[in-house]
Amino acid sequence: MKKWKVGIVGLSRGRGFLNVFSAHPEVEVTALCDIDANKLTEVGDAFQLADPARFTRFDDFLNADTDIVLVATPIPCHAEQSIKSLEAGKHVLCEQTVAYTIEECQQVVEAVRRTRKKYMMAENYCYFHYIRQWKKVVESGKIGQIYYAEGEYIHNILPLLVEEKTGQFYWRHERPPIWYCAHTLGPLLMLMNDRIVRGCGVTSGFKSFPQYKDHPGFLDFELGLFQTEKGSFVRIHRSQVPASPHFVWYSLYGTMGHLENRRVRGEGFIYLRDQSPPEGEPFTSDTVDPNAPPEARKGGHGTSEYYLIRDFLNSLEHDTTPPIDVIRATEWTIPGIVAHQSALEGGRWLEVPLLE
Ligand SMILES: NC(=O)c1ccc[n+]([C@@H]2O[C@H](COP(=O)([O-])OP(=O)(O)OC[C@H]3O[C@@H](n4cnc5c(N)ncnc54)[C@H](O)[C@@H]3O)[C@@H](O)[C@H]2O)c1
């Protein structure tokens, strides 16, 4: 049996993937890279990887014997490391989002075209157990045609923005909340089988943290309202600093029914028009597939990473387009970039370019 040789760059989030890759019978992790030598030693020792397979310099890591590079570094590194990996003949699985600018997104698309290697964005929320169940419901036609959807990803990550005692900022401080839009838009657009063509955004600014007004990561919130190619509408809400619990919430309105997961506590629901009066039936909001093997839970977000990796490897095995290929990845990245630009311009509607 051929084993795929995997190299992982970025060993914080990358460690969750390392857990799942290491348990995969068709995968051998053959190289690790992190600029933090201590982290490299810690993870390399934990996974018993020999010294020559450990790299602090990305360009050296590219010379290692790998078929696949998993890019799990901060987002500002994604485009350059993805392009260099593709050009070194590797298939790329890259954390989300693709990049912070439309120009860089275009450069990644061109590199995939030029090198004919596979690229998939590791948007794992699409692989939550309940989203996979919803996909079956939507594809069965039970809720009809989806005409409106909402997604909220609210996550207080203040300690990842700034070290309060020292005042040292971390990489996420410069990321406006809505740039991180793939966890909301990804599952919604996948279920709607649609693409965003126009959008606008708003924010109230820095009311919660006026002292950090030069750091977009501290914006109170950003809302994006989008129109799709099929004429449907999508609203997303992002915040990284709220005084509220962490949750991700989705709601999809179809002509025949409605789906939503639990917001903070309780069950999710499916409502069907032909129930009279419509009473929501409890529907799972679980991120874990109870039928998946135990190693499937090792990625950190339910069983999502396990199924994501399975789909990516299948696309390599059968030479098919990965489910979240480079074009789809940009379609789940660029709307957030445009919505933030709109918010800076007072909320005016802007075109969202579709890359080819
Ligand atoms: N999908 C998810 O659920 C999820 C969850 C967390 C993070 N992420 C994504 O994972 C990525 C990494 O996030 P994180 O939380 O691990 O960040 P982090 O800051 O905790 O860790 C980043 C790691 O990358 C290393 N690094 C930084 N620059 C590097 C470079 N140029 N070359 C090699 N190594 C470098 C750092 O030393 C660090 O170990 C981001 O894209 C983030 O959006 C996704």
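## S22 and helix α1

S22 sits in helix α1, which covers residues 13-22; helices (H or I, at least four residues) and strands (E, at least two) are DSSP runs, numbered from the N terminus. This is a predicted model, in which local features need pLDDT of at least 70, side-chain atom pairs count only at pLDDT 80 or more, and totals for chains, interfaces and linings use all residues. Residues are numbered from 1 along each chain as its sequence is written.

With 16 other C-beta atoms within 10 Å, S22 is partly exposed. Here a residue is buried if 20 or more other C-beta atoms lie within 10 Å of its own, exposed if 12 or fewer, and partly exposed in between, with C-beta atoms placed from the backbone. Leaving aside neighbours within four places in sequence, S22 is in contact with V29 and F47, where contact means that the C-beta atoms, placed from the backbone, lie within 7 Å.

The chain is divided into domain 1 (4-123) and domain 2 (125-299 + 326-351), with bounds that come from an automatic or database domain assignment. Taken over C-alpha atoms, the centres of domain 1 and domain 2 are separated by 26 Å. The contact takes 22 residues from domain 1 and 19 residues from domain 2.

On the side of domain 1 that touches domain 2, the elements giving two or more residues are α1, α4, α5 and β6. Of these, α5 gives the most, with 5 residues. That side of domain 1 divides into 16 nonpolar, 5 polar and 1 charged; Ala, Val, Leu, Ile, Met, Phe, Trp, Tyr, Cys and Pro count as nonpolar, Asp, Glu, Lys and Arg as charged, and the others, Gly among them, as polar.

## The nonpolar cores

In soluble globular proteins, nonpolar side chains tend to be buried together. A nonpolar core is a set of buried Ala, Val, Leu, Ile, Met, Phe, Trp, Tyr and Cys residues joined through C-beta atoms within 7 Å. The largest one has 88 residues, and I8, L70, V108 and L188 have the most contacts inside it. Helix α8 (residues 182-192) gives the most to this core, with 7 residues. Because domain 1 and domain 2 both give residues to this core, it lies between them.

Beyond its neighbours within four places in sequence, L188 is in contact with A149, G151, V234, Y250 and L252. Another core, of 7 residues, lies apart from the largest one and has V162, F218, L223 and V241 among them.

## Helix α4

Among the buried residues of α4 are I75, H78, A79 and Q81. What covers the buried residues of α4 includes β1 (4-9), β4 (68-71) and α5 (102-115). After α4 comes G89, with a positive phi near 90°.

## Loops and the ligand

The peptide bond from Q96 to T97 is cis, with omega near 5°, and T97 is found in the loop between β5 and α5. R116, in the loop between α5 and β6, has a positive phi of about 60° although it is not a glycine. R116 counts as exposed, with 7 C-beta neighbours inside 10 Å.

Around the ligand there are 21 residues, of which G10, S12, R13, D36 and E95 come nearest; a residue is near if its C-beta atom, placed from the backbone, lies within 6 Å. The shell divides into 10 nonpolar, 6 polar and 5 charged.

Definitions and conventions. Contact = placed C-beta atoms within 7 Å.
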